[in-house]
Amino acid sequence: MRNGKSNWLVAALVPMFSIGCAAHSSFAADAGGKPEKSDVVVTYAQPSGAFTPIWLAHEAGLFRKHGLNASLQLLTPQVSAQAVISEEADFYTDGPDLINARLHGGQVKYFGGTIQQLVFQIWAAKEIKTIQDLKGKAVAASTPRAALDTATREALKKNGLVPDKDVQILYVQSVPAILSSILGGKTAAGTLSAPNTIKAKEAGLNLLVDVGKLNIPAFQVAYGATEKYLKNNPNTVYAFLKAIAESVALAKQDPGAAKKAIAKYAKLDDGPTIDGTYEAFAPYWAMSLAVRPEAIRGQFEYIDEKEFPKVKNADPKDFYDNTFVDALT
């Protein structure tokens, strides 16, 4: 990163990174030290602009700046969660799958997040004019219980439609596959994130619901690891969060750098789509990375109690650890 950008970034973020949190003195005393593990695997779930802070942290050398040799891996949410639990990956980066894993006994926790509300859009075939027109039809989503699935179900419910009864939900794994299912007539509609929302508009599809405007608390991009990892690698976790915090600041200060990362990882080469992807997510990247309890509480409401009976008595505090973020403030 050029010196000019580095200088403003340091000046902007010094207050964020001052260490003086007495409540967490045992960790704060060592925060900022050499990472216990330098080679780390960071997962992300979709070629969606929501993950720009991760991509930019890699492309701008922010992971390297804080002593991490990060490898980014594109994995579905469930595979990502399993990879972290099995110690094949270091950092989970996506939505609610770690909540599901913990309810099934997995010793995992969230330690930060950049988008803690649902930012998706539901687009439909040209003949579908309103969301009510979806009754008796199929809507495409990615994978069961992922953030995109939650967004789909909540948008339907808020418009008086019962998921799996009034509207069938068909899982096709990826966001690009969702768009293809609409264009190919396999489903009447689907839930998308940018850049595929821009492609849907260009294809003449109809926007039915802008989920971002509904302000639904939930995890769309949150960071997690096993409790064992958090205990044994605190400086590695801290270094990761510093890189992400700087990346969010850089993405907002330097849209050009963010758009280059979007173009590379979302495999885009046309300016309007890249610009639209950035504009779709930039307002939602939070400067504070602290996990919001209401986002976890909101996720509890979307969980099937028959499949996850422990959710009835679950306490949001058991699902996250803000110690590391607290050391940044």
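**A walk through the predicted model**

Arg102 is located in helix 6, which covers residues 97–103. The model is a predicted one. With a relative accessibility of 19%, Arg102 counts as buried, because the cut-off for that class is under 20%. Setting aside residues up to four places away in sequence, Arg102 touches Gln107, Val108, Lys109, Glu227, Asp318 and Phe319.

Now take the chain as a whole. The protein chain has 15 helices and ten strands. Of its 329 residues, 57% are buried. Among contacts in the protein chain with a separation of 6 or more, 80% are between residues 24 or more positions apart.

Phe63 belongs to helix 4 (residues 62–65) and Phe240 to helix 11 (residues 234–253), so the pair links distant parts of the chain, 177 residues apart. Are these two residues buried or exposed? Phe63 has a relative accessibility of 2% and therefore counts as buried. Phe240, at 0%, counts as buried too.

Phe240 also pairs with Phe91: the ring centres are 4.4 Å apart and the planes stand at 25°, so this pair is stacked. The limit that matters here is 30 degrees, as planes under that angle count as stacked. Phe91 lies in the loop between helix 5 (77–85) and strand 3 (92–94), while Phe240 is in helix 11, so the pair ties together parts that are 149 residues apart in sequence. Phe91 is buried, as is Phe240. Ring pairs join these residues into a cluster made up of Phe63, Phe91, Phe111, Tyr223, Tyr229, Phe240 and Phe324.

Apart from neighbours within four places in sequence, Asn233 is in contact with Glu36 and Lys37.

The next step is the packing of two helices. Two packed helices are described by the angle between their axes and the distance between the axes. Helix 3 (residues 52–59) and helix 12 (residues 255–265) pack at an angle of about 100°, and their axes are 9 Å apart. Helix 3 and helix 12 are therefore roughly perpendicular to each other, because angles from 65 to 115 degrees fall in that class. On the side of helix 3 the contact involves Thr52, Trp55, Leu56, His58 and Glu59, and on the side of helix 12 it involves Ala257, Ala258, Ala261, Ile262, Lys264 and Tyr265. Sorted by class, this contact has seven nonpolar, two polar and two charged residues.

Helix 12 has other partners as well. Its buried residues are Ala257, Ala258, Ala261, Ile262, Ala263 and Tyr265. They pack against strand 1 (39–44), helix 3, strand 2 (69–74), helix 11 and helix 13 (271–281). After helix 12 comes Lys267, which has a positive phi near 55°.

That leads to the backbone. Most residues other than glycine have a negative phi, and most peptide bonds are trans. Which residues have a positive phi without being glycine? Asp164 is one of them, with a phi of about 75°. Asp164 is placed in the loop between helix 7 (147–158) and strand 7 (168–171), and its relative accessibility of 52% means that it counts as exposed. Gln173 is another, with phi near 85°. The loop between strand 7 and helix 8 (175–183) holds Gln173, which at 43% relative accessibility counts as partly exposed.

What is the peptide bond from Ala194 to Pro195, cis or trans? This bond is cis, with omega near 15°. Pro195 lies in the loop between strand 8 (189–192) and helix 9 (196–202).

Methods
Residues numbered from 1 in each chain as written. Predicted model: local features only at pLDDT ≥ 70, side-chain atom pairs only at ≥ 80, totals over all residues. Heavy atoms only, no water. Axes fitted to C-alpha atoms, helices over the stretch in contact; angles between N-to-C directions. Helix = DSSP H or I, 4+ residues; strand = E, 2+ residues; numbered from the N terminus. Parallel < 35°, antiparallel > 145°, perpendicular 65-115°, else oblique. Contact = heavy atoms within 4.5 Å. Nonpolar A, V, L, I, M, F, W, Y, C, P; charged D, E, K, R; others polar. Buried < 20%, exposed > 50% of the residue type's maximum accessible area, 1.4 Å probe, protein only. Phe/Tyr/Trp six-rings, centres within 6.5 Å; stacked < 30°, edge-to-face > 60°.
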